[in-house]
Amino acid sequence: ASDGIVLGALVLALDRSEDHDSVTVEDLIRQWAHLAGLAVERRRAEQRLIAAKAAAEQASRAKSSFLTVMSHEIRTPMTGVIGMADLLLETTLTGAQRTFVETLCSSARSLMAILNDILDISKIEAEKLALETLDFDPALVVREVVDLLRGSAQAKEVSLGFEETTPLPALVRGDPTRFRQILFNLAGNAIKFTSAGRVMLRAKTIAQDWKHCRLQFEVEDTGIGISGAQLATLFEPFAQGDASTTRRFGGSGLGLAISKRLVEMMGGTLTASSTPGLGSLFSFTVRLGLPSVSQIEVFPPTSTPPTPAIMAGKFRILLAEDNDINQLILRSYLEKRGHSVVVVANGVQAVATVQAVGFDLVLMDMQMPEMDGEEATRRIRALPSPLGGLPIIALTADAILENRPRYLASGLTGFLTKPIDWRQFDQMLAS
């Protein structure tokens with residue numbers, strides 16, 4: 001063929017018997033040409049499919065790379081803003097100065113929440129968002145969300161409560177972070193759109209066998225409500241209940257779209273009903289795994305589960321971090337708590353310094369020049385004992401969940417993302 005597609009060889013056999021006198025060589029050639037044309041088109045279609053698949057895979061890799069870069073580039077300066085504000089709050093301030101810094105903290109964290117939403121919806125659309133599988137107590141997560149939002153509700157004089165209409169399993173298997181995110185979005189919205197009355201969270205088990213359970217959660221409020229037209233587009237990205245320039249309520253319009261996709265990834269559905277002026281009801285179900293008996297750690301009746309040790313000792317810490325602002329923030333935070341800190345700017349220096357100086361702990365950035373945190377961690381792990389067993393905690397601006405197993409595979413002891421949650425940071429140092 002003209003495009004280089006080889007179809008095979010042509011063999012003509014003409015039957016000259018009486019029943020086939022009407023068949024000519026020209027007829028056979030025409031039939032073969034028709035079949036050959038079909039074969040060529042089929043082959044071309046296969047080539048187009050192969051090319052389209054390759055292009056889609058390349059686009060997926062490009063999206064993944066873009067998300068990783070943007071996550072790092074956005075979180076790095078936000079770590080500086082939030083970190084510096086946190087350090088300022090630990091200094092002596094006048095009443096007015098403290099108000100200014102607290103406002104700065106609040107605004108920075110609100111901006112970080114919007115950026116997280118944008119990254120989440122981008123990951124969802126690129127099909128790059130994956131769920132973790134961990135054991136957690138679902139009722140405890142709901143109570144934690146209620147505790148986190150109680151201050152916002154009290155500031156508006158709105159009552160906030162939680163009840164289990166039927167008992168929830170003590171432990172389920174799923175992604176507690178994303179489960180918490182769904183509840184926080186729904187309950188946070190309910191408080192935001194309720195100026196008086198109450199917001200109530202309810203939970204119940206609707207099905208359960210030896211391996212899985214299906215749970216239902218409701219968030220009901222007595223707020224402003226949602227019209228039928230608004231309900232029709234409520235779960236679309238960037239949808240707003242009030243899109244006018246004079247709208248009273250902020251937000252990116254991404255929280256509900258993200259929540260719906262997360263619920264669907266957990267094998268459930270998210271629905272909403274509302275009466276304008278009277279309130280709204282959001283309800284979602286999730287299908288979660290149940291740990292087997294062999295996977296549950298049983299404690300004697302007279303003992304209590306172990307808890308992380310309270311941080312009492314002072315550590316010799318190596319900080320591998322190439323960003324000057326992050327170096328300043330982390331060093332100030334650690335030294336203020338009595339730890340001694342040595343700072344290096346890349347993985348090559350980190351490996352060499354571990355070999356030359358004794359440390360109790362390494363805090364390792366994952367993205368650094370000359371040698372990144374993954375390679376530096378692998379090289380430290382290859383050192384003879386006790387250096388090779390040194391605890392190494394990742395501090396990274398890369399919040400893409402799919403990249404975490406690769407980082408942990410290098411030999412990390414723990415993993416923290418930037419901007420740093422100081423409470424989680426202290427807990428990890430104490431454990």
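Start with residues 294-312. In this predicted model, pLDDT stays under 50 over that stretch. The model gives residues 294-312 13 contacts beyond four places in sequence. Where pLDDT is low, the predicted coordinates should not be read in detail.

Now colour the chain by pLDDT. The average is 81, and 81% of the residues score at least 70. Select strand E5, residues 212-221: its mean pLDDT of 96 is the highest among the elements of the chain. Then select helix H1, residues 25-89, where the mean is the lowest, at 76.

Next, show two helices: H2, residues 95-125, and H6, residues 255-265. Their axes come within 10 Å and cross at roughly 40 degrees. The crossing is left-handed.

Which residues of H2 and H6 meet there? On H2, pick Asp 117, Asp 120, Ile 121 and Ile 124. On H6, pick Gly 255, Ala 257, Ile 258 and Arg 261. The residues of this contact divide into four nonpolar, one polar and three charged.

Last stop: salt bridges. Side chains of opposite charge can pair when their charged atoms come close. The whole structure holds 20 salt bridges. Select one of them, Glu 321 with Lys 418. The closest N and O atoms of this pair are 2.6 Å apart. Where does each partner sit? Glu 321 is in the loop between strand E8 (316-320) and helix H7 (324-336). Lys 418 is in the loop between strand E12 (414-417) and helix H11 (422-430). The pair links distant parts of the chain, 97 residues apart.

Methods. Residues numbered from 1 in each chain as written. Predicted model: local features only at pLDDT ≥ 70, side-chain atom pairs only at ≥ 80, totals over all residues. Heavy atoms only, no water. Axes fitted to C-alpha atoms, helices over the stretch in contact; angles between N-to-C directions. Helix = DSSP H or I, 4+ residues; strand = E, 2+ residues; numbered from the N terminus. Left-handed = near helix turned anticlockwise from the far one by under 90°. Contact = heavy atoms within 4.5 Å. Nonpolar A, V, L, I, M, F, W, Y, C, P; charged D, E, K, R; others polar. pLDDT = per-residue confidence, 0-100. Salt bridge = Lys/Arg side-chain N within 4 Å of Asp/Glu carboxyl O.
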